[in-house]
Amino acid sequence: MNIILAFVILLVAITLHEFGHFIFGKIMGVRVYEFAIGFGPKLFGWKRKSTKYSVRLLPLGGYCSFDDPEEEIDSTVEFEPDDGLIKYEKASPWKRLFILSGGIIFNLLTAIILLWGIFSFNGIRTTKVDEVIANSPAAYAGIKAGDEIIKIDDLKVETAADFMNSKAYNSGKYNITINRDGVYENIDIVSDSEGKLGVVFGSSKNIGLALKYSFVTIWDIISQIFGIFLKLFYNVDKNIMGVVGFVATVGGMESLTLTMVLTMIASLSISLACFNILPIPPLDGGAMLLTIIEIIIGRPLSDKFRSIFQIVGIAFMMYLFVRVLINDFLRL
């Protein structure tokens with residue numbers, strides 16, 4: 001059951017990416033020939049105005065096609081449906097750049113909305129102490145329930161994550177500033193053998209803090225993802241995961257809550273945005289780079305340059321695919 005759910009999560013994240021291209025194309029007045037959910041043979045579909053919509057057999061993503069697959073190749077005759085829309089290749093470079101960025105933007109918006117909802121509903125762990133564990137470093141230092149940690153060394157903290165992710169906390173020896181009923185006090189702390197302080201933090205359902213922490217979380221994930229991308233050139237990192245690894249990991253989980261599923265969709269959406277912004281074809285980032293160069297030089301790029309760029313990009317993508325696939329199987 002979890003394996004099916006893993007494919008559904010992949011399908012949702014990728015479909016949202018393609019939907020971003022679709023919406024941005026419509027906004028720019030560019031003709032979208034087909035919007036498909038899934039790949040392979042068509043199960044069913046319909047047509048509205050100039051766009052075909054279809055649901056296909058393989059739930060491995062989807063696509064938004066700006067090319068007419070039924071158009072006959074004829075340089076002397078060009079058929080234009082009377083719908084007031086323009087072809088993608090005839091759109092200005094700025095319009096094409098906007099459309100290319102649609103998938104990335106939609107994935108990031110999805111992550112923001114989902115994480116904001118999760119943090120608003122479940123609450124965010126604050127630095128206010130709800131409970132002090134007996135015989136812990138916090139108990140020996142005199143920390144009490146109701147105390148709020150304001151700083152760790154010289155770093156201001158708002159959430160438990162800020163506190164526990166800080167370098168000072170992970171060093172095991174630090175100074176904290178607490179607010180106890182309006183009175184500020186500095187306390188030196190030495191963590192236990194497991195590096196823990198020994199407190200249970202409270203939580204807050206504050207939509208403002210939830211929104212802020214959504215952006216912070218997304219930035220942290222983006223930083224980690226690009227760090228992992230760099231390792232692909234010289235090492236196989238255990239955190240590198242492709243489709244096989246994702247499906248196997250989710251399939252092996254004993255239970256999944258709605259929060260976990262939504263968090264995975266948000267994380268996968270961020271990963272797709274980061275992956276697609278890489279300036280290599282056939283990713284969106286590669287097409288965006290070519291379009292930006294076209295804007296800078298003021299003319300279309302030569303077919304020869306585009307071909308060389310495509311070949312280099314496809315070669316890198318094959319390398320990337322093999323590296324990730326090897327890591328997925330090593331994980332099994």
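Helices (H or I, at least four residues) and strands (E, at least two) are DSSP runs, numbered from the N terminus. This is a predicted model, in which local features need pLDDT of at least 70 and side-chain atom pairs count only at pLDDT 80 or more, while totals for chains, interfaces and linings use all residues. Residues are numbered from 1 along each chain as its sequence is written, and side-chain values use heavy atoms, with hydrogens and water left out.

**The start of the chain**

Helix H1 covers residues 2-27. The expected span of a helix is 1.5 Å times one less than its number of residues. Just after H1 comes Gly29, with a positive phi of about 70 degrees.

Arg31 sits in the loop between H1 and strand S1 (34-48). Is Arg31 buried or exposed? Arg31 is buried, with a relative accessible area of 0%. Here buried means under 20% relative accessible area, exposed means over 50%, and partly exposed lies in between (1.4 Å probe, protein chains only). The Arg31 side chain reaches the backbone oxygen of Leu85 at 3.0 Å.

**A nonpolar patch**

Phe39, Leu43, Phe44, Trp46, Leu57, Leu58 and Leu60 make a nonpolar surface patch of about 680 Å². Patch residues have over 30% relative accessible area and no salt bridge; nonpolar side chains (Val, Leu, Ile, Met, Phe, Trp, Tyr) are joined within 5 Å, and like charges within 9 Å. Areas come from the Shrake-Rupley method with a 1.4 Å probe, and for residues only the protein chains shown count as cover. S1 and strand S2 (51-65) each supply at least two residues of the patch. S1 gives the largest share, four residues. Trp46 belongs to S1. Trp46 is partly exposed, at 47% relative accessible area.

**Paired strands**

Two strands pair if DSSP finds at least two bridges between them. Strand S6 (residues 173-180) runs antiparallel to strand S7 (residues 183-190), and eight bridges join them. Asn175 has Asp188 in S7 as its bridge partner. Asn179 stands opposite Tyr184 in S7. S6 and S7 form a hairpin with two residues between them. In the turn, Asp181 has a positive phi of about 55 degrees.

S6 also pairs with strand S4 (residues 148-152), in the antiparallel sense, over four bridges. There, Ile149 stands opposite Ile178 in S6.

**Salt bridges**

Side chains of opposite charge can pair when their charged atoms come close. A salt bridge is a side-chain nitrogen of Lys or Arg within 4 Å of a carboxyl oxygen of Asp or Glu. The structure holds seven salt bridges. The table gives some of them.

| Pair | N to O distance |
|---|---|
| Asp147 and Arg180 | 2.7 Å |
| Arg180 and Glu185 | 3.8 Å |
| Glu294 and Arg306 | 3.3 Å |

Take the pair Asp147 and Arg180. Asp147 lies in the loop between helix H3 (137-141) and S4, and Arg180 lies in strand S6, so the pair ties together parts that are 33 residues apart in sequence. Asp147 is buried, at 2% relative accessibility. Arg180 also forms a salt bridge with Glu185. Glu185 is partly exposed, with a relative accessible area of 36%.

Now take the salt bridge of Glu294 and Arg306. Glu294 lies in helix H9 (residues 284-297) and Arg306 in helix H10 (residues 303-331), so the pair ties together parts that are twelve residues apart in sequence. Glu294 is buried, at 7% relative accessible area, whereas Arg306 is partly exposed, at 28%. Salt bridges that share partners join Arg96, Glu294 and Arg306 into one network.

Terms used. Polar contact = N/O pair within 3.5 Å; in protein donor to acceptor, adjacent residues only side chain to side chain.
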